[in-house]
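Keep the structure open as you read.

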Amino acid sequence: MDKQSVTLQRLREAEQKPPRRLKSILAPYLFLLPALLLIGFWVYKPLVQTLQLATYDWSLVPGTTAEFVELDNFSKLLRNAEFWPAVNNTIFYTVGMLPFSVIIPLFLAAATQSIDPKAQRIYRALFFIPMIMAPVSTAVIFRWLFNPGNGLVNQTLLNLGIVDRGIAFFSDPNWARLIILFIAGWKMIGFATLMYSSALTGINGEYYEAAKLDGASEIRQFFDITLPLLSPTTMLMIMISVLFSSQWTFAYIDNLTMGGPFSTSTNIYYMMYRFAFAEMNVGLSAAAAAMFMVVFGVLALILQYLNRKLAFYDN
Amino acid sequence: MQGKKKILMILMILTLGVFAFTGCAPTQMSTNEPTTEGEMTESVATEAGSNTESTEADGNTQGVETESAELDPANPVHVTFYSYSLGFPTMKEGMEHLIQEFNDTIGKEKGVVVEGIVDENYTKNVTDIQAGNQVDLIQNVFPSLDVAKENLGIMAFEDVFPEDELDAHWDGISEAALSLGKIDGKTYGMAFTFSTPILFINGTLFEEAGLDPNHPPQTWDEVLAAAQQITEKTGKPGLAFSPSNGWVTYGLFYSNGAGIFNEDRSQVVFASPEGIEAIEKWKEFYTSGCAALGTDGEVVEQFMAGNAGMTLNTTAMLSGIRSSFDALGIELTGTTMPSFGEKEAIPVNSGSALVVRPDSDLKAKAIWEFVKYATGPRGYTIITSEIGYLPLRTEIADDPQYLKPFADEYPLVRVNLTQLDNVRGTIWPAAIATEGSQIFNNAIQVAVSTDADVGETLKKAQDDINALYK
């Protein structure tokens, strides 16, 4: 008997015996079971607990009693002096991050695409280095660069005669969040450039050859071939950038301004962290988390919809 | 066939879901998740039992535990000590030395090992307590003492340690300092590292500006004049004193006769005419361009780098400033906190209190050994000479065995001591502490460093904070 007929015979046998059929139906779910359990335990259980915590007034300290407060935490949150500035800044960081995650990396990747491979590798390594630097060390370095007394930035500005007094970047409400955005963006560029570079490598060279034969200029090629074919990557980067910019600015807010001056550089993640661990008000923190889970969930759905509408896949 | 499969799949997922969520029910109880009121109380009774029992049972016989509760050098008791001083370069070495010396001497002899845990943002102790780890001893700052009392399960010294030993140990420690850690008549925090703000002076810049560093300015008007002269003559900021300092600010209010709270701390009253006047004076440094700009950390760095004339800051900075100025060849002098005209300056205290949360009688004994050492004459000699905080046992400053040689060399120590009797503390009521102090600090920053009107800003902050009480 050859292999095929053996398989066929087994299949026939399987159809004849009901218990084995049940087994074969169960099998895939048994394979899925560990993954489902893990996701249930690590993702959905905390999620449900967060929603539950949002209705309690509690410090999270073992041995203390959690007090059920219904939806008080939500109304408290909306009245909190820090809430609206934090929302405002979250929008600022989210929108401000887009040039760093889409526009600049796109051009950096395109510019380094057609150069000598050796030089290309060096350039890309240089772009990527900020990404792998520890956020806290990055924060310390930038703190010194922007120091109002003898920081390199202020010294340069003073020497060039642009300012006549050092700027206190981190205690000036106009500057603090700009600098934080800049640092987070500076780190983002490396990652995004790498993503675009790999996407560029995936574009079929024949399109360019055909376009060249038709006499299309380099710029025309970029806009008519490169850009549309990169649209899936662009949508992905927009999604990552929108959903993660608040988290990525967290470390710099904590290390450089602690949300200041007068709460002008805080964002919702930093606010939640402060509620939970500095103010020991886990309920308020959970309420904020629940509220923003909804906001970011809706955002994610919109982005996915846009992704389906706008992204062009070269299959 | 298809339909059966679908039903089976849905059943499967439902079972999995139920399993995933309910499977963890026992752990929920034991980790004190707020499930229902009943469950909560039950778990409190079991988990926190040891805490409350050891508190109440002090002096009573408590079965096996009390009888065996003697320290044993062969089986040392491990004490976790959460300290912010361990997280600052200027204080780290001194605090490490203190802990190490205790472990090598008394600790070894009696059977106690203290483990220092870095907690520079005062949050690690909180998250560790939340995570259910045993946190025995915390170097806690004063303004959040009531919060710790309400939320962190800290215990009053009178409830944990024998009264006669407390009295004997507290003898010789400044009464004013000890009273700052009292809430409702009980000592929840024992004054530990402690300092008052002093006006540090960069003698070299003073001389360059034609001022005499040995006749430092005493009132805020004099400080302003000196700061302006320094900026005019040297181009460097005259005063490095940031509105985000978070503690000296209170002293400005007190020194000008204003209060932060009313008598029973049920209202904030800082936007009084005296309070507004004090902050307006401070603002003049900014409007006249002689103030160092930047965050609190940045302005101190400017002073330490020799780029500012004066700074009003804690003596805990002394060792850091001293070594920096020595390296730069700058002369360091200083004086007491400036006053408003003829009024007496009322300094505030920065620094910390020791708060305790032993989980057994034995642990309490171990903690008490370290507390005695750290706040004894030898402990304060290390704290003062290697960190810069005040010796709360004032008499050791004149004891050649302890601090006299150091105090003779650095007269700033005695400047700090003279202010100790006037010192006044600020403890925010737990219910409004974090949000209230945040609004207050933000308002001070806005009032001092922006164009905003001081009176309006403070009044608005006062109204906002009082609204929190409701």
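Predicted model: local features only at pLDDT ≥ 70, side-chain atom pairs only at ≥ 80, totals over all residues.

Residues are numbered from 1 along each chain as its sequence is written, chains are lettered from A and ligands numbered from 1 in the order written, and side-chain values use heavy atoms, without hydrogens and water.

**Positive phi**

- Glu70(A) is not a glycine, yet its phi is positive, near 55°.
- Glu70(A) sits in the loop between β2 (67-68) and α3 (72-79) of chain A; helices (H or I, at least four residues) and strands (E, at least two) are DSSP runs, numbered from the N terminus.
- Glu70(A) is exposed, at 55% relative accessible area (exposed is over 50%, buried under 20%, partly exposed in between; 1.4 Å probe, protein chains only).
- Phe262(A), also not a glycine, has a positive phi of about 35°.
- Phe262(A) lies in the loop between α11 (231-257) and α12 (268-278) of chain A.
- Phe262(A) is buried, with 16% relative accessibility.

**Nonpolar cores**

- A nonpolar core is a set of buried Ala, Val, Leu, Ile, Met, Phe, Trp, Tyr and Cys residues joined through side-chain atoms within 4.5 Å.
- The largest core has 71 residues, and Phe270(B), Phe285(B) and Met310(B) touch the most other members.
- Helix α22 (residues 433-449) of chain B gives this core its largest share, seven residues.
- A second, separate core holds 59 residues, among them Trp170(B), Phe194(B), Leu354(B) and Ile382(B).

**Around Phe285(B)**

- Beyond neighbours within four places in sequence, Phe285(B) has contacts (heavy atoms within 4.5 Å) that include Trp220(B), Val223(B), Leu224(B) and Cys290(B).
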